[in-house]
Amino acid sequence: MTPECQDLVCTRRRLLAGAGALGGLGALELAAPRMAFAATEARTDLLVVISLRGGADGLSLVPPVADADYYRARPGIAVHPSQALRLDRHFGLHPSLAPLMPFWRSRQLAVVHAVGDSDGTRSHFEATDAMERGVNLSNSTPTGWVDRLMVARGLRSGAFPALSVGSPPGTLRGTAPDLSLWSLADLRVQVPQADTARTELALHQMYDGVAGANAVAARETLDALRRLAPLRDKTYVPRAGVRYPDDTFSFGLSQIAAVARAGIGLQVAALDAPGSWDMHEGLGAPGSGWMHDQLGTFARGLAAFLHDLGPLLSRTTVVTVSEFGRRVAQNGSGGVDHGHGSVMMVLGGGIVGGRVYGRWPGLAPAQLDNGDLRPTTDYRDVLGELVARRLGGARVLKTVFPDHRPHELGLAR
Amino acid sequence: MPVEPSRRALLTTAVGGAVAGAAVVASARAEAAAPVATDPVLHAVRRLSYGATPSLVAHVRQVGVSAWVDQQLSGSPDVSATLHGTGLASLPLPPEQAAMAMNAVQHYGITDLQAQTFARAAFGDNQLYELLVELFSNHLSIYGPTFPAYKAVDDSQVIRKNVLGTFADMLAASAQSPAMLLYLNQAYSSGDNPNENYARELLELHTVGADGGYHQRDVHQAALTLTGLTVEPDTGVFQYRPEWHHVGPVRVMGWSHPNADRDRGLDVALSLIAYLAHHPRTAQRIATKVVRRLVSDSPPPSLVASSAAVYRANGTAIVPVVKHVISSREFQQSAGQKSQRPFEWFAQCVRVLGLTPSPDLAANGGAVVEALRELGQAPFAWSPPNGYPDTAVAYASTATMLARWNAAQALVHGSIAGLGKPDVTTLLGTPAPATAGACVDRLALVLLGIRPRAALKRAVLTGAGLTAGRVLTPTQAQSAALPMAALLLSSPEALVR
């Protein structure tokens, strides 16, 4: 994908074009952030879920720099110890993640390695779907885990229910109302100013009392038009010194920051990391290529967002998810096929960071899970601890993750 | 289609039909599904076309649904006829030009193919054919922008060529389509270094499905079986490279082959493809997709089962399955069970507004494609290989809803380049309705084929700032018609397919 636009006016187009360029990954979602508001218990964090769609290669993001089997399996694409940003004796960060190192040093960034689901399907679609619902593949619960969390915590009537930028991810599917939009500035019906009020009233009248998913979306849209007009009509100014890079992912994060900093009760935001992580071919060397470029975009945007949150970061938890990792051995195309275990990154003021969590299973042939990194931590252990300790959901864990009782890793205060 | 009678005569016919057949279901109190006209012809035309124009409804009313379906699915339609006058007709790439296309890949953008696809849906007579092309193009989904010229060849040689034939032939063509082999990384898969991406999606998405009873070992064996299917780098055409083919016994689900001869590897691969195309689980999946497309977001299991049986009894032929579904009781009783996805909703709006392509649609195709992209459903722009979803809920986001409302405004005001402006005089008829209320009635009939329920009529009048009884001069009626039309196309009724 080549950037076509240089300014924010074009950003929505690029958002959509960018969503189209994801290449071979799962689910229905387009690349855009999505935010949910609801009445919240006091003192719960803003949750930001970033999806690395397509199955991100955890061994590239957080290379096991002390593991000789890693280098044997990846002769062309491994991150060598001299290239990695050292985390501890065993692990490093991909050099493109350098913008996040300040957060590691300030102990606001934690890494969980060898994390995955319990099903081990290598289907993007199955794995994404189950992970977004937070259940095992065999469980047909239709709602997303974030939706269940919001509902179980309690939605306060009259509070603005939900807001999003782009198509809704499966994590939010369910009864908690939500809004998706491409950018705050575009949140308007494009009619002459004098006709706006009666046009919106007409739309309200024609959808009033009508059933079905479209009618629900229509009413939520009209509700959002009304409630968010003040934010829409102001140009967002990030904190002094913060400059978001000019790309879709960063723009999405800036929209989340705009709403979060407006102090109108943003509870949850979700968006997709840039591009596709489905790197079957041409993953590239650590110093250049697909993984290098995409991780750089990810890290620069995320760092700008975290800086922009400023003091709000103390009440914010950011977590990355991906449906699976990649095969340990590289394939004949300089890429890696679908695998199982991967990594999650957790950031925020309430995180006990500066540590790599999880048990390393090793990468010797006998230690692998069908050729893959064997998950030793269920992704719900990580999310469950966040739900219990940071998101006011300690009493509703069973509703949020019915198939798995989370074991805490001690990564959240 | 026969020469069109005058629009006015057609509308009279349509009125009769709609009034006679329309049991408009709506409730002002309890939540009701979006009101649906149960007129069977209107239902069939909505479901099987990209927009029930008064003229098409009248035509189908005249010849009957099944005769129209037969005509739509007979022989190879002249698809280029649709494109004359748009500047798009010269764009399709014949297969022998694939090599040139590859070399000129920077000069052939996906926008051309996207605009062509839209033009055929919005302006063409081969409505049901185009609908099936879209269905199978989406089943064997390829993200277009990466290899646009290859996708153009794939569109004509894999999908259009076979959609009135058998799925087995289509799948075999797809397995030899450079666009697919490049998209799913098959082109560089070899016996020494197999790449599983295409093999996995062939099983999971194109044929038996994730619950089809295969395991990782089957995926790997399929990947080995398919090694050697690649793209000739200099010409950009399909090539089988024996030296890349894995030799030795292979087994995938219930299929196996000694696979001893490197030079016969393509036959072995095609044998696997044929096995998969004929597999009962594939029959079930194709049947499910056809039923979901034509009947309901929740396909009735009995209709899926009988459709799968038709698929198998006819050697994977697609048309018999489609006709079986259309003639079913479930189809006839399914009015209101499907929503317009953004692409078909946009095409419908263009059709019922009577918009015509400007002569330079090819040059301006970008504006139409941009509009479709903002709606979230530009052709060939879905990046994962599972294709655009075919359920209402997948598109029921607030972002998409707002995009629809704004697109309706843009279409009515003629502000999308390449699509012209609506002819308000024709929309209103002659003489123009004398009151605001009559204007809404008239426009609802032309644009939606129905008489508006009371709440809809009241809403549209609110939006126009008029009362029902307000007397309008023809000039006033024309200026009121634009906001009225945009609101009608934004209504729940306009989303019913």
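In the predicted model, helices α7(A) and α8(A) cross with a left-handed sense, left-handed being a near helix turned anticlockwise from the far one by less than a right angle. Helix α7 (residues 196-207) and helix α8 (residues 213-232) of chain A have axes that come within 10 Å and cross at roughly 150°; axes are lines fitted to C-alpha atoms over the stretch in contact, with angles from 0 to 180 degrees between N-to-C directions. The pair is therefore roughly antiparallel (over 145 degrees). Helices are DSSP runs (H or I) of at least four residues, strands runs (E) of at least two. The contact (heavy atoms within 4.5 Å) involves E200(A), L203(A), H204(A) and Y207(A) of α7(A), together with A215(A), A218(A), R219(A), L222(A) and L225(A) of α8(A).

Chain B has 25 helices and 4 strands. Of its 497 residues, 62% are buried (under 20% relative accessible area, 1.4 Å probe, protein chains only).

Residues are numbered from 1 along each chain as its sequence is written, and chains are lettered from A in the order in which they are written. Local features need pLDDT of at least 70 and side-chain atom pairs pLDDT 80 or more, whereas totals for chains use all residues; side-chain values use heavy atoms, without hydrogens and water.

How values were computed. Parallel < 35°, antiparallel > 145°, perpendicular 65-115°, else oblique. Buried < 20%, exposed > 50% of the residue type's maximum accessible area, 1.4 Å probe, protein only.
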